[in-house]
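Student: Let us go through this model by question and answer. Please show it before we start.

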Amino acid sequence: MLKTLKIVFALITLVLAGYGLTTGNSIVVLPYMMLFMGALLLVMGISEIKNERKQIGFMSIIVSLFVFYVSIQGFLLNYTS
């Protein structure tokens with residue numbers, strides 16, 4: 001289950017990054033890409049904790065929380081300006 005979620009979130013992030021690069025419209029796509037990247041890091045952190053690598057897992061979860069915060073800031077800045 002976690003492996004499929006990792007693959008799905010990685011593919012969505014990759015597609016959004018590619019779309020932003022090819023269209024030059026990365027400002028609009030960036031918050032969505034960061035949201036899925038945060039979800040990917042969260043799933044990776046949970047997976048690492050289950051594999052008994054707790055330090056890497058907790059670090060991934062902390063980084064994912066920061067990426068979620070940045071994504072929310074991006075949504076707020078895009079829609080208020």
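Student: What percentage of the residues in the protein chain is buried?
Tutor: This is a predicted model, in which local features need pLDDT of at least 70, side-chain atom pairs count only at pLDDT 80 or more, and totals for chains, interfaces and linings use all residues. Residues are numbered from 1 along each chain as its sequence is written, and side-chain values use heavy atoms, with hydrogens and water left out. Buried means under 20% relative accessible area, exposed over 50% and partly exposed in between (1.4 Å probe, protein chains only). Of the 81 residues in the protein chain, the buried share is 28%.

Student: Is Ser71 buried or exposed?
Tutor: Ser71 lies in helix 3, residues 54-80; helices (H or I, at least four residues) and strands (E, at least two) are DSSP runs, numbered from the N terminus. Because its relative accessibility is 1%, Ser71 counts as buried.

Student: Which residues does Ser71 contact, leaving aside neighbours within four places in sequence?
Tutor: Contact means heavy atoms within 4.5 Å. With those neighbours set aside, the partners of Ser71 are Pro31, Met34 and Leu35.

Student: Is Leu14 buried or exposed?
Tutor: Leu14 sits in helix 1, which spans residues 2-23. Its relative accessible area is 58%, so Leu14 is exposed.

Student: What pattern does the protein chain follow along the sequence?
Tutor: The protein chain has three helices and zero strands. Read along the sequence, the pattern is α-α-α.
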